Each structure stands twice: as structure tokens, then as C-alpha cells.
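Please read it alongside the sequence and the model.

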Amino acid sequence: MMSYIFKKFSAKHWILLFVIFALSIAQVYFTMEFVSGVSNITKAILESGPTSGNDTSLIWKYGIWLIICAVCVAVSQFIKTIISSYEASDIVTNIRDELYTKIDNLTIGDIAHFSIESLIIRCTNDITNIHMALVQAFKTVFIAPITMVWSIIEISKISSLPLTVTTIIWLVFLIVFVSILMMLVVPRFAVIQGLTDKINVSSRENLTGVRVIRAFNSEEYQQGKFDVLNKEFARVSTFVGKAIALFMPTIMLIMMGLNLSLLWVTAYVINGQDINVANQIFASSNSFIMLATQIVNSVIVVIVILILWPRAVVCARRIREVMEYDELIKDPEVSLPFKEEGTIEFKDVGFAFIDQKKETISHASFKVNKGETIAFIGPTGAGKTTIINLMLRFIDATSGEVLVNGVNVKNVSQKQLRSVIGYASQKAFLFSGTIQSNLSFSNPNLSFDDIKKAAVVADADSFINEKDGGYDANVAQGGTNFSGGQKQRLSIARAVASKPEILIFDDSFSALDYKTDKTVRDNINEYLPYTTKVIVAQRVGTIMNADKIVVLEHGKIVNIGNHKSLLKDCPLYKEIALSQLTHEELGLKKGDE
């Protein structure tokens, strides 16, 4: 799975990797020189004495060389760490950018496939795990094998069978221990990542639904659901933690056991030997111990990578799932130019969600011309928002054709399509920032005059000016520092600001009182007389002046007409209208039922 990560390597990254390789060789070289120097200085100390006139020149010579070697090891390690950190950060930054771009292009259905919470975790926690593994890998990918091979070569020169056998025995203990540890820990990394997603889902659900939870006194119920996940996460994490906690103590035990065993074997070998021979054996065994320690340290480094790597592999697999996911909606290879301006046409359109046989919308046909207003009304679940989503190509029709400006929406790029549409969503959403940055969301280069005019059209200018800072007033994430009606008016102003060819209002007048509703609609008609308006509404008063009203029920078009003709010919529309307005308000006589 990490092959996906390696595909992100550019020429620059391979060059830096070669530099790390060169620095690793330098580090191992000076480390081995240090080990050799320790052996030489030990011999010099043993040989220095009354018979040699206490000549310490060799000791000083080897001592200075040891200091130089130690400094070179430290410098090469320092530079290598900096390059490794830069290399890993650069690669991870590129992956994060690509992942964000991919997520940004996913459709509503695609996002639902993964869940918002899981996508957030993949962008944050999973990327962090990969970053940690890459930093460690770059620092040690060369140093461990080079050190191990070099140490084995140097050990072979010493040629001590008892010491070699002792070292091999302890290395076998180390490998067996690590193998058992990996078998216990690795499978649980995937479990932990899955539980992290579920905890994030539960936390987000509790925070976004806090009003409902408190209104129904369901805090204990929600807490119970969260506790189940939290305890399972704690159980698995604790098991992994305990297993990994054994790592360092066991490694230290093996290291100490190896050193003590080698010293014991050395003492056994030199017992009864001539003093000069004993000195030679002791000096050689000292080098052997240091080289054996280097081998064990290399194995430890590899083990650390083996512990981090499986988790990173799980995270990389999760990221690759998103990056290689085949989106439901794709841009055409060649985007066709628009043939008309401000027109929308449905030709026998049908839509069914994935894995559902029954269509949400079926056999929908209508057309709206430039400057006209078309409205959609019907019971809850009739398919009104689905039709809006088809116009915006948030979803694709499963049958028939959806045409905007005379071209099938599948034959134009999504960016091109939405550049001619202004959209006020059903749930007014504001972004953190300022009022001005929200109103200029479609075009950051909009002049302040255009922004202010849009606010006036949406009847928002008055309350904006009452805010501290006016148009530069702070907007909290999601617009939580504004009322529902204020958010809707700002959402409408944002849609109007760019003066699009088509304006879509998906039930975006619902939080406005009747007077403000009428004022805003009149302002829009006056400000953008040649813009096509599409309105979804539950209130008849909002749509009664539309040029065309489409009445929907169970995903089918029941009737199309203006307000008067529908009162006469469409019982469903008349029933909806009478449930909201009086006979007099509708211009009907008492007997007209």
C-alpha cells in the first residue's frame, strides 16, 4: 500500500534520498572508525607502562581521532535528520493537498460513501501517522542495513567463535520476541483507525445535534453510545500500549544480557592466558562487544520502523481508497460551449439513488426560458430538492436529459455549469470570516458596491450595519452568531452578488416573514429582471407570482401552470393553497372547494 506514497516521489525527493544515503555511509564510516579507535586506544593504554617509558603519544593521537569521529557522526546525523524531516513533510504536504482536492471534488453521494467524519480523520490523523513513519524511515532506511553489514564484516575479522555464537543466540531471542510482538500489534492498528472514525462520528453527532439531545433529555442515552465506542477503543489501545511497553525493557534486557554474556565469555577465554595475550584478547573482545552492540542497535532501528510502518500502511490504504475512488460525477473530456442563455430544460428525466430500484424522480419534463420564474411545490419527499440537485449536477440523471443553456449538463464541466448559476441552499450555511468575505464567496474580486447592493436586495443591509464592524463583522463557523432569518438573507445576497444567468432558491425563504419574503423577491426581480429564477418553496405565497409552477407528488409532475390555472385544474395545488391561505386571499369563492 505504501507504493502509493512512493509514487509521489519527484526527482528532487530522489536526489535528497541519495544525499541521505551518502550521509548514512559517512555516519557508519565514522562510527566504525570510532569503534576501531576505542580498540586501538585500549591497546595503547594496556601497552603503555613503565617498560615503555609511559609513552602516551599514541593515546593522545587515538583520543583526538575519536573526538573527530564523534563530531562527524553527530554532524552527519544532524544534517540527515533535517533533510529527512523536510523530505517527509514535503511529500506529506503534497499528499494532503491532493487528498483535499479530491475530497473537494466528491459529490454528495461520494461523501456519504465514506462519511464526513472518516474523511476528516483521513486528512488529519492518517496523514500524521504516515508523516511519522516517513521521517523515521528516511532517517534509518540506509543506516540500519549499512551498519549491520559493516559490523558483521568487522566482526568476521576478529574471528572469535565463542563470541559469535553468543551474539547469534541473543539475536535469535530478539527476533523471536519482535515477531510475537508484531503478530499481536499489527492487526489491531486497523481496528484502532476504524474505531477512531466511529468516535469522531459520535462526537460530531453529539455536537451538531446538541439542541435535540437536550430537548429530549437524551444525554445519558448518547453518553451510553459513546461509552461503548470509547471503552472498545481504550481496550484495543491499551492492549497495543501494553504490548509496545514490553518493547524497550525487553530490548534493554537483551542488550545487557548480550554485553554481560560477551564479557563473561571473554573472561573465560583469557583465564590462564599470558598477560600480553590476555591484553590482545581483551582489546579484541572490547571491539567485538561494541560491534555486536551496533548490530543489535540496527535491529532495534528496524523494529521501530516495523512498529510504525504497519500503522502507516493502514493509513496509506485508507488514503488510497479516497484517491482512487471513482467519482459518480465526472467532467467530460471536452466541455461544450453553451448554446443559449438562462434556460433550463428537463427531457423525460428520471433519477434513482444507488441500490434503490424505485426512482425518486420519474418522467420529469419542463422548460424555463431566460428571465422567467419557475417554482416547485409539493408534499415533503416529492422530489423538489432532487430536481435542484440535478440542475446543479450534484447528482446525475439515471434516465433522460437535463439541459442548461441548451446543453446537456453532462457535456459541460462542473465549473462552467456552476459559473452561470447562483445558489441559495435549503440550509443557509455561512463560512468563518467576515460578512464581506461570505457575500463575495463566488467571486473574491467583487467590488464593495456590488456586495452592498446584493445585501440591499436581500434586505440584509440594515442588520449588517448594526453589527460591530459592519461588512467586516466577524462570522462564526456555520454562521452561528446570526439568526435563521439573517443567515437566509445573507445566503440570498451571496447568490445574487455575482449577477448569474440563473438563480436557484432551494426553500431559502422559509425563515423569512411574509413581508420580508415579498420584499426580497420584489427586489430580486427589479435588480435582475433578465435572470432566470428557480424557486423551491413550501409556501404558496412565495411562488404564486411565478410564470410556471410545477406541482410534484411522489417524484412525478402532477401539473404545470400558473397560480390561477393550477387553482382551477390541480386539486393537489388547491389543497396546499387552501391549507395556507383563505379563499379571499386566493381570490376564490366560498363554494369553490
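1. The crossing of α3 and α5 is right-handed (the near helix is turned clockwise from the far one by less than a right angle). Helix α3 covers residues 57-104 and helix α5 residues 116-140; their axes are 9 Å apart and the packing angle is about 155°. The two are therefore roughly antiparallel (over 145 degrees). Their contact is made up of 13 nonpolar, five polar and five charged residues.

2. This is a predicted model, in which local features need pLDDT of at least 70 and side-chain atom pairs pLDDT 80 or more, while totals for chains, interfaces and linings use all residues. Residues are numbered from 1 along each chain as its sequence is written, and side-chain values use heavy atoms, without hydrogens and water.

3. Helices α15 (residues 448-457) and α18 (residues 514-527) cross at roughly 135°, their axes coming within 8 Å. That makes α15 oblique to α18. In contact (heavy atoms within 4.5 Å) are Lys453, Val456 and Val457 of α15 with Val520, Asn523, Ile524 and Tyr527 of α18. Five of these residues are nonpolar, one is polar and one is charged.

4. The second largest pocket (an open set of points on a 1 Å grid, probed at 1.4 Å, with protein on both sides within 12 Å along at least five of seven lines; lining residues have an atom within 4 Å of a point) has a volume of about 450 Å³. Its lining comprises 20 residues, with Gly109, Leu328, Phe351, Phe353 and Ile395 nearest the centre. The largest share, four residues, comes from α4.

Methods:
Points joined across faces, edges and corners; volume = space filled by probe spheres on them. Axes fitted to C-alpha atoms, helices over the stretch in contact; angles between N-to-C directions. Parallel < 35°, antiparallel > 145°, perpendicular 65-115°, else oblique. Nonpolar A, V, L, I, M, F, W, Y, C, P; charged D, E, K, R; others polar.
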